[in-house]
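This report concerns helix packing and salt bridges. Please consult the sequence and structure shown here while reading the sections that follow.

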Amino acid sequence: MSASSSHQMPDENWLRNVFARVDTDHSGQISATELQGALSNGTWKPFNPETVRLMIGMFDQDRSGTVNFQEFCQLWRYVTDWLNCFRSFDRDNSGNIDRTELKQALTTFGYRLSDQFYAILMKRYDRDGKGHVTFDDFIQLCVQLQTLTSAFRQHDTDLDGWIQISYEQFLTMVMNIGTI
């Protein structure tokens, strides 16, 4: 699965062939290691292991730690949708998103964040320190931001952008980010 994936959902036979190639141990399940080896972020480096773990967690409905073919099909659609989104904000077709493109993407998603917060995002998700975010890190950033926003909204009952929570509630909210 790479940045050259089709914009349309491929047919089931094609996906079964991809699944069989990714399932290197022929177990009928795809592990995080197998998925990481199959995904490409466009930089010739393996997908960020944390992003792979998040995605397995999102689609592993039976909590086996792996994805079966049906779960893989859902995951494929998810990655393809994110790829199309990523490409739409990669205005210079560089294969990554710089700070300006990231701000445009998150603003389009409805986030209104300070320049200081964008500096924090770039520091955390620019793993190579080159001033841009790769595809896999973009997925991780968006999933984590969405998860934290949902957790915040559960406490922001009057929708004023402010919450009052205990320290342990805060820790729970942040620690649950990876357990979608």
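## Packing of H5 against H7

Helices H5 and H7 cross in a right-handed manner; a crossing is right-handed if the near helix is turned clockwise from the far one by less than a right angle, and left-handed if anticlockwise. H5 covers residues 99-108 and H7 covers residues 135-155; their axes come within 12 Å and cross at roughly 35 degrees. Axes are lines fitted to C-alpha atoms, for helices over the stretch in contact, with angles running from 0 to 180 degrees between N-to-C directions. Helices (H or I, at least four residues) and strands (E, at least two) are DSSP runs, numbered from the N terminus.

On the H5 side, Leu 102, Ala 105 and Leu 106 meet Phe 138, Leu 141, Cys 142 and Leu 145 of H7, where contact means heavy atoms within 4.5 Å. By class, this contact has seven nonpolar residues, with no polar and no charged ones. Ala, Val, Leu, Ile, Met, Phe, Trp, Tyr, Cys and Pro count as nonpolar, Asp, Glu, Lys and Arg as charged, and the others, Gly among them, as polar.

## Basis of the model

The model is predicted: local features need pLDDT of at least 70 and side-chain atom pairs count only at pLDDT 80 or more, whereas totals for chains, interfaces and linings use all residues. Residues are numbered from 1 along each chain as its sequence is written, and side-chain values use heavy atoms, with hydrogens and water left out.

Buried means under 20% relative accessible area, exposed over 50%, and partly exposed in between (1.4 Å probe, protein chains only).

Arg 127 is partly exposed, with a relative accessible area of 44%. Its side chain meets that of Asp 136 in a salt bridge of 3.1 Å, N to O; Asp 136 is buried, at 0%.

Arg 127 also forms a salt bridge with Asp 137, whose closest N and O atoms are 2.9 Å apart. This pair links distant parts of the chain, 10 residues apart: Arg 127 lies in the loop between helix H6 (115-125) and strand E2 (132-133), and Asp 137 in helix H7. Asp 137 is buried, with a relative accessible area of 2%. Through shared partners, the salt bridges join Arg 127, Asp 136 and Asp 137 into one network.

Technical notes. Salt bridge = Lys/Arg side-chain N within 4 Å of Asp/Glu carboxyl O.
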